[in-house]
Amino acid sequence: MKIGLLTSGGDCPGLNAVIRAAVLHGIKTYGHEFVGFRNGWHGVVEGRFMDLPRTRVKGLAGEGGTILGTSRTNPFDGPNGGPERISIMLERHAVDAIIAIGGEGTLAGAARLAEAGLPVVGVPKTIDNDLAATDYTFGFDTAVSIATDAMDRLRTTGESHHRCMVAEVMGRHVGWIALHSGMSAGAHAVLIPEQSVAMDQVCQWVTEVHDRGRSPLVVVAEGFIPEGEEDIVAGKGTEASGRPRLGGVGEYVTEEIERLTGIETRNTTLGHIQRGGAPTGFDRVLATRYGLAAVDLVGDKGWGQMVAIRGTDMVRVDFSEALAGLKTVPQHRWDEAKVLFGR
Ligand code: F6P
């Protein structure tokens with residue numbers, strides 16, 4: 001069998017580990033051949049790919065980014081999109097199956113292609129950890145460690161200057177990175193998209209911490225909307241997909257804290273630093289297991305399914321289950337974290 005791999009959507013540390021594991025397992029166990037489509041679905045519809053022999057994936061487990069490149073191209077968009085064109089391209093290049101490694105948008109496209117009869121399986125990928133059908137996605141643990149390290153640093157400089165420090169992290173619709181990195185760094189307030197909190201409440205937490213001689217640390221997910229406010233988007237325009245480019249709520253929260261409390265406050269937006277560099281050991285293992293399981297799924301012709309992790313077990317789920325809804329931070333996890341906010 002010849003299998004085509006693609007990485008699509010925002011990148012995540014661990015993508016290369018998935019590719020490496022799939023190629024090694026596929027070649028060693030099944031005698032498959034592999035190609036890698038360039039830049040997500042764009043490479044499929046335009047027939048742009050590279051051969052992936054064993055030598056091409058050596059040493060990749062610890063490398064950040066993706067050797068295939070990525071894009072947010074929708075396989076149904078443009079004159080060359082759609083299942084017929086993709087089917088022609090697969091036939092032309094003798095590719096028997098696609099392993100699509102991507103997030104919600106990628107898997108939605110993959111689901112439509114599988115429904116149209118194309119041989120597609122999925123590997124879940126999102127730094128935000130917001131896919132419903134899997135407990136964890138690779139890249140998330142790396143992002144949390146990077147954010148934790150950054151916050152540890154913000155805390156020491158904050159303490160020296162008796163300032164309040166705000167850290168804005170990724171998390172468009174969900175606050176998993178904020179919750180975990182905030183808890184890990186001992187933040188005094190964590191603001192997430194799932195919970196609308198008034199700035200007065202944030203200021204109360206900040207003041208309580210400041211009054212007992214500490215430097216308050218406030219973590220805010222980029223998709224957080226303060227109670228009573230509209231979306232906070234700092235005029236950064238939209239992505240090609242049409243969704244707004246986020247980043248800006250950290251500045252807003254910083255200015256409001258300083259204005260309402262009089263405490264000198266600084267913002268740091270971590271941005272894409274959270275998605276760059278080498279994956280953690282946890283993410284390398286998770287990504288490797290996903291790659292291995294995806295090749296087994298292809299072997300069983302599990303078209304329309306993706307691999308997932310439940311507890312410590314690798315399982316298979318239908319795309320429809322993965323796309324059923326976002327995995328948001330549940331109320332009890334927020335309540336648990338909130339015990340440590342403020343005083
Ligand atoms: O969806 C993952 C994510 O990292 C979001 O947290 C963030 O808003 C977005 O991607 C950034 O996308 P881009 O890399 O296209 O700027």
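Strands here are DSSP runs of E with at least two residues, numbered from the N terminus, and two of them pair if DSSP finds at least two bridges between them.

A word on the model: it is predicted, with local features needing pLDDT of at least 70 and side-chain atom pairs counting only at pLDDT 80 or more, while totals for chains, interfaces and linings use all residues. Residues are numbered from 1 along each chain as its sequence is written, and side-chain values use heavy atoms, leaving out hydrogens and water.

Back to the strands. S6 (residues 164-169) runs parallel to S9, and five bridges join them; Ala167 has Thr268 of S9 as its bridge partner. Elsewhere, strand S10 (residues 305-310) and strand S11 (residues 313-318) run antiparallel, joined by six bridges. Val307 is bridged to Arg316 in S11. The hairpin of S10 and S11 has two residues between the strands, and Gly311 takes a positive phi near 65 degrees there.

Now to the ligand. It is surrounded by 11 residues, the closest being Arg72, Asp128, Glu222, His272 and Arg275; a residue belongs here if one of its heavy atoms lies within 4 Å of the ligand. The table gives polar contacts, which are pairs of N or O atoms within 3.5 Å.

| Side chain | Distance to a ligand oxygen atom |
|---|---|
| Glu222 | 2.7 Å |
| His272 | 2.9 Å |
| Arg275 | 2.8 Å |

Taken alone, the ligand exposes 400 Å², and the protein buries 82% of that; the areas come from the Shrake-Rupley method with a 1.4 Å probe. Domain 1 (2-138 + 279-322) and domain 2 (141-276) each give at least three residues to the shell around the ligand, with domain bounds taken from an automatic or database domain assignment.

Conventions. A polar contact is a pair of N or O atoms within 3.5 Å; within protein, one must be able to donate a hydrogen and the other to accept it, and residues adjacent in sequence count only if both atoms are side-chain atoms. Helices (H or I, at least four residues) and strands (E, at least two) are DSSP runs, numbered from the N terminus.
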